[in-house]
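Please read the following points with the sequence and the structure open beside you. They move from the whole chain to single residues.

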Amino acid sequence: MKQFLKYTLATVVGIIITSVLMTLLFFGILGAVAGSAEKTTSLKPNSVYEIKLEGTLIDRSQDDDLSAALAGVLGQDEQQNIGLDDLLSNIKKAKNDPNILGIYLNGGSLEAGIASIKEMRDALVDFKKSGKFIVAYADNYSQRMYYLATVADRILLNPIGMLEFKGLSAQPTFFKGTLDKLGIEMQVVRVGTFKSAVEPFIDTKMSDANRLQVTEFMGSIWKNMLNEISAARHIPTDSLNSYADQMMMFQATEKALQYKMVDKLLYSQSVDSMLKTVAKKLPKGDELVYVTHQEMKNLPNNEKYDKNKVAVIYAVGEISDMGTEGIIEKDMVKTIDDVAKDSAVKAVVLRVNSPGGSAYSSEQIWHALALLKHKKPLIISMGDYAASGGYYISCIGDQILAQPTTITGSIGIFGIIPNIEGLNSKIGISHDVVNTNKMSDAITLNRKFTPAERDLMQNYVNRGYELFVQRCADGRKMTAEQIKNIAEGRVWTGQEAFRIGLVDKLGTLNDAIAIAAKQAKLKSYNVSEYPEKEDFTAKLMKSLGKDVEASFMKAQLGDEQYKLFKQVKDLGKTNGIQARMSYDLNIR
């Protein structure tokens with residue numbers, strides 16, 4: 001009895017302590033968010049919009065991000081997310097506001113997809129049409145940030161800093177060796193010679209077909225980057241390739257200056273003086289006023305109300321029929337249906353940034369978009385990825401726009417079922433079975449496929465592939481055979497996709513919005529984004545149910561390591577046939 005009371009008391013005390021800690025954590029998060037609240041911004045003359053190139057660039061901002069708040073409460077560095085939507089809006093505001101003299105790109109370590117960087121770079125090119133300046137400074141430039149910085153009038157580098165410039169490298173991760181050690185065999189059925197998403201689980205290196213496609217699309221991306229850098233810096237592409245072969249980040253910074261890759265070497269304390277020199281409109285003796293990204297976000301929107309709307313629906317992440325992250329089928333279908341019913345919405349842009357996912361869910365989203373298309377113009381804007389399932393939901397569009405460096409195509413599907421018979425044997429588990437019919441225990445995890453079962457799976461996948469091909473053929477006004485000639489799971493860049501007819505134009509999200517408005521014959525309109533962003537309280541309450549583990553893991557691991565962790569964890573959740581591209585190309 002004494003032991004029972006002791007353990008009971010310990011349990012009660014543990015529950016009380018846990019409850020107190022959770023309460024403190026809850027109010028700590030609320031305090032962190034409340035403390036970060038900003039007031040409406042009022043710009044002063046001689047203002048400079050300062051964009052800090054750090055953190056992670058995502059397609060759409062997440063207001064009051066839970067992961068950032070958790071990181072602050074846990075005493076860790078905040079994993080800052082910056083929304084491309086906010087950046088594009090802020091750059092447009094800066095272009096049109098007479099108080100803004102120019103833009104200062106500060107730093108060079110923002111993590112971002114190459115197509116997203118191109119989108120931002122295009123917006124900065126448009127900004128320069130106003131006659132205002134852009135100056136970039138960094139202690140160290142990552143290669144992608146140097147590509148972005150070349151849009152600037154002046155590129156400044158710390159005298160003992162680094163400029164990464166070495167070309168691109170793709171390093172996919174393979175799990176077969178680990179699976180072999182565990183006694184797990186991944187049984188794969190697929191359609192598409194180039195469908196490489198399954199390779200990490202069945203091989204230890206890239207297949208010849210995959211190596212060919214990766215080589216070609218990496219070459220296309222690098223060529224586009226070089227051409228834009230060459231045009232901006234007036235350096236021949238042959239010379240740029242020569243500099244890349246020298247691994248510029250480990251060369252003396254004087255070489256970057258000598259090669260005209262940067263304009264000046266100076267310390268951060270001297271940047272203000274340089275900006276004053278470039279800002280020709282600044283009266284003598286006046287000081288520059290630096291405006292943060294958040295302050296620009298809080299600048300009042302002076303757009304006049306218009307009853308006509310162009311809707312931008314964001315489809316970002318992996319496509320799934322479950323979970324809380326990415327493109328969740330039922331949520332996306334509801335959003336599409338709601339937009340279709342909204343009489344104020346005259347045209348729709350679907351912004352796709354997805355490597356694909358569930359083939360079943362992709363079909364459901366496609367069907368919802370087909371119904372919407374009967375009522376209003378539908379334009380597709382592709383981000384970093386619109387591949388496999390991402391292309392499936394895109395092919396229905398009246399027009400498809402992509403960046404030259406967008407990763408798209410990958411028209412192919414696969415099914416993957418683990419066989420854990422070897423693992424069972426290692427840990428001493430055995431099974432017996434009683435069936436009422438010959439296929440009652442078909443597609444079990446505890447043994448290999450029989451030939452009959454593999455045939456069933458292959459036929460199932462083949463039917464899914466034929467439907468995928470037909471959807472693409474109908475959408476692109478091509479024959480099924482024409483699609484098959486460029487399908488087989490092959491990945492293309494936006495530039496190549498435009499050449500072979502999978503994409504109609506190369507352009508930005510703003511270009512897609514303009515085309516949608518033109519097709520709807522709108523002379524004036526407002527842009528509305530969907531789905532509506534969740535406020536912090538709603539996000540927190542949902543997280544207490546399902547997302548709290550993910551939020552803690554992101555805060556602890558950071559984005560890159562969390563991505564690998566989630567990739568392994570989600571292996572057991574891959575239901576049905578999949579229309580997705582390689583899990584992680586890891587392009588560097």
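1. Among contacts in the protein between residues at least 6 apart in sequence, 77% join residues that are at least 24 apart, where contact means heavy atoms within 4.5 Å. The model is a predicted one, in which local features need pLDDT of at least 70 and side-chain atom pairs count only at pLDDT 80 or more, while totals for chains, interfaces and linings use all residues. Residues are numbered from 1 along each chain as its sequence is written, and side-chain values use heavy atoms, with hydrogens and water left out.

2. The secondary structure of the protein comes to 22 helices and 22 strands, taken as DSSP runs numbered from the N terminus (H or I of at least four residues for helices, E of at least two for strands). Of the 588 residues, 50% count as buried, which here means under 20% relative accessible area, with exposed meaning over 50% and partly exposed in between (1.4 Å probe, protein chains only). The accessible surface of the protein is about 28,400 Å², and 53% of that area belongs to carbon and sulfur atoms; the areas come from the Shrake-Rupley method with a 1.4 Å probe, and for residues only the protein chains shown count as cover.

3. How many disulfides does the model contain? The count comes to zero, a disulfide being a pair of cysteine sulfur atoms within 2.5 Å. The sulfur of Cys395 has its closest cysteine sulfur in Cys472, and because the separation is 4.3 Å, the two are too far apart for a bond. Cys395 is buried, at 0% relative accessibility, and Cys472 is likewise buried, with a relative accessible area of 0%.

4. A search of the whole structure finds seven aromatic pairs. One of the pairs is formed by Tyr141 and Tyr146, whose ring centres are 6.3 Å apart and whose planes meet at 75°, so the pair is edge-to-face. The rule covers rings of Phe, Tyr and Trp (its six-membered ring) with centres within 6.5 Å, and planes under 30 degrees apart count as stacked, over 60 as edge-to-face and the rest as tilted. Tyr141 is buried at 3% relative accessible area, and Tyr146 is buried at 0%. Ring pairs also link Tyr141 and Tyr146 with Phe165 and Trp222 in a cluster.

5. Glu164 lies in the loop between strand 6 (154–163) and helix 6 (176–182), and with a relative accessible area of 19% Glu164 counts as buried. Leaving out residues up to four places away in sequence, Glu164 touches Tyr141, Ser142, Gln143 and Met249. A polar atom of the Glu164 side chain lies 2.8 Å from the backbone nitrogen of Gln143. For such a polar contact, the N or O atoms must be within 3.5 Å; within protein, one must be able to donate a hydrogen and the other to accept it, and residues adjacent in sequence count only if both atoms are side-chain atoms.

6. Arg233 belongs to helix 8 (residues 208–233) and is buried, with a relative accessible area of 10%. The Arg233 side chain reaches the backbone oxygen of Lys260 at 3.0 Å. Apart from neighbours within four places in sequence, the contacts of Arg233 include Tyr146, Thr150 and Ile155, as well as Met261, Val262 and Asp263.

7. Which rings have the charged end of an arginine over them? The charged end of Arg471 sits over the ring of Trp366, 3.7 Å from its centre, and that of Arg490 sits over the ring of Phe194, 4.9 Å from its centre. The criterion is that NZ of Lys or CZ of Arg is within 6 Å of the ring centre and within 35 degrees of the ring normal.

8. Some backbone angles deserve a look, since most residues other than glycine have a negative phi, and most peptide bonds are trans. Met247, in the loop between helix 9 (237–245) and helix 10 (253–258), has a positive phi of about 55° and is partly exposed at 27% relative accessibility. Glu488, in the loop between helix 18 (480–486) and strand 19 (491–493), has a positive phi near 60° and is partly exposed at 29%. A cis peptide bond, with omega about -10°, joins Tyr530 and Pro531, and Pro531 is found in the loop between strand 21 (526–530) and helix 21 (536–557).
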